[in-house]
2 protein chains.
Amino acid sequence: MEDRVRVSILMDIYGKLLTEKQRNVMDLYYNDDLSLSEISELTFTSRQAVYDIIKRCNKLLDGYEDKIALMDRIFKMRDAKKSILGELNKVKCADKDSKLILKNIKKSIIDNF
Amino acid sequence: MEDRVRVSILMDIYGKLLTEKQRNVMDLYYNDDLSLSEISELTFTSRQAVYDIIKRCNKLLDGYEDKIALMDRIFKMRDAKKSILGELNKVKCADKDSKLILKNIKKSIIDNF
């Protein structure tokens with residue numbers, strides 16, 4: 001996975017554990033694609049401090065994932081979900097009611113997992 | 001949900017974000033059901049410090065859940081899983097192959113969600 005994508009996903013999951021300032025810098029760097037100098041100007045912070053914040057946040061996010069492993073669980077569930085939905089499409093139902101139940105089950109799997 | 005059960009679940013999810021000492025005290029209190037005095041003796045820590053650690057850890061765990069909400073997601077998924085498995089039992093299959101596919105889907109849902 002591309003580093004930028006990985007960090008974005010980790011920010012979605014663990015971003016709230018960072019401070020507002022940290023979140024802001026990470027957002028400007030990874031989502032708005034600004035340079036260190038641009039972020040430095042925008043946040044009234046030295047370029048070096050911006051660099052340090054990004055480095056520290058990456059370490060924090062990796063640490064959270066090492067300990068909670070939610071991104072890993074989400075990816076595994078996504079794979080399982082895809083495979084289950086594929087298998088469900090192969091099931092031949094005996095009647096209309098069963099077809100409807102199966103349709104609702106698919107929707108529920110998509111919505112909940 | 002009983003407070004003790006709630007804390008146990010939060011410890012399973014976020015326990016690794018606590019220090020080893022904090023985890024140890026929480027484990028002795030919530031899982032081994034020891035009193036503050038007993039934990040105090042075992043850990044060479046004052047009774048007041050043990051009390052403070054437990055109070056602080058509860059606050060930390062609640063804070064993590066407020067921010068990451070993994071326990072909430074797990075409970076919602078558990079409900080959805082139960083409901084989906086119940087609905088799957090109502091599906092009437094047209095042939096043996098479909099029955100087998102459905103059986104494997106159920107197993108996959110139980111294992112993965």
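**Helix packing, interface and salt bridges**

The axes of helix H5 (residues 70–88) of chain A and helix H5 (residues 70–88) of chain B cross at roughly 15° and come within 14 Å. The model is predicted, with local features needing pLDDT of at least 70 and side-chain atom pairs counting only at pLDDT 80 or more, while totals for chains, interfaces and linings use all residues. Residues are numbered from 1 along each chain as its sequence is written, and side-chain values use heavy atoms, with hydrogens and water left out.

User: Why are H5(A) and H5(B) called roughly parallel?

Analyst: Axes are lines fitted to C-alpha atoms over the stretch in contact, and angles run from 0 to 180 degrees between N-to-C directions. Angles under 35 degrees count as roughly parallel and those over 145 as roughly antiparallel. The axes cross at roughly 15°, and H5(A) and H5(B) are therefore roughly parallel.

User: Which residues make the contact of H5(A) with H5(B)?

Analyst: Contact means heavy atoms within 4.5 Å. H5(A) contributes A:Leu70, A:Arg73, A:Ile74, A:Met77 and A:Leu88, and H5(B) contributes B:Leu70, B:Arg73, B:Ile74, B:Met77 and B:Leu88. By class, eight of these residues are nonpolar, none polar and two charged.

User: What makes H5(B) and H6(B) roughly antiparallel?

Analyst: H5(B) packs against helix H6 (residues 96–112) of chain B at an angle of about 170°, with the axes 11 Å apart. The pair is therefore roughly antiparallel, as the cut-off for that term is over 145 degrees. On H5(B) the contact uses B:Lys81, B:Ile84, B:Leu85 and B:Leu88, which meet B:Leu102, B:Ile105, B:Lys106, B:Ile109 and B:Ile110 in H6(B).

User: How much area do chain A and chain B bury between them?

Analyst: Buried area is the accessible area (1.4 Å probe) that two parts lose on being put together, summed over both. For chain A and chain B the value is about 2,700 Å², 75% of it on carbon and sulfur atoms. A:Lys67, A:Ile84 and A:Phe113 supply 20% of the area that chain A buries against chain B, more than any other three residues. In contact are 30 residues of chain A and 30 residues of chain B.

User: Why is the pairing of A:Arg4 and A:Asp33 called a salt bridge?

Analyst: The term requires a side-chain nitrogen of Lys or Arg within 4 Å of a carboxyl oxygen of Asp or Glu. For A:Arg4 and A:Asp33 the N to O distance is 3.2 Å. A:Arg4 lies in helix H1 (residues 3–14) of chain A and A:Asp33 in the loop between helix H2 (20–31) and helix H3 (36–43), so the pair ties together parts 29 residues apart in sequence.

User: How many salt bridges are counted between chain A and chain B?

Analyst: The count between chain A and chain B is zero, whereas over all chains the count comes to ten.

Note on methods:
Chains lettered and ligands numbered in written order. Helix = DSSP H or I, 4+ residues; strand = E, 2+ residues; numbered from the N terminus. Parallel < 35°, antiparallel > 145°, perpendicular 65-115°, else oblique. Nonpolar A, V, L, I, M, F, W, Y, C, P; charged D, E, K, R; others polar.
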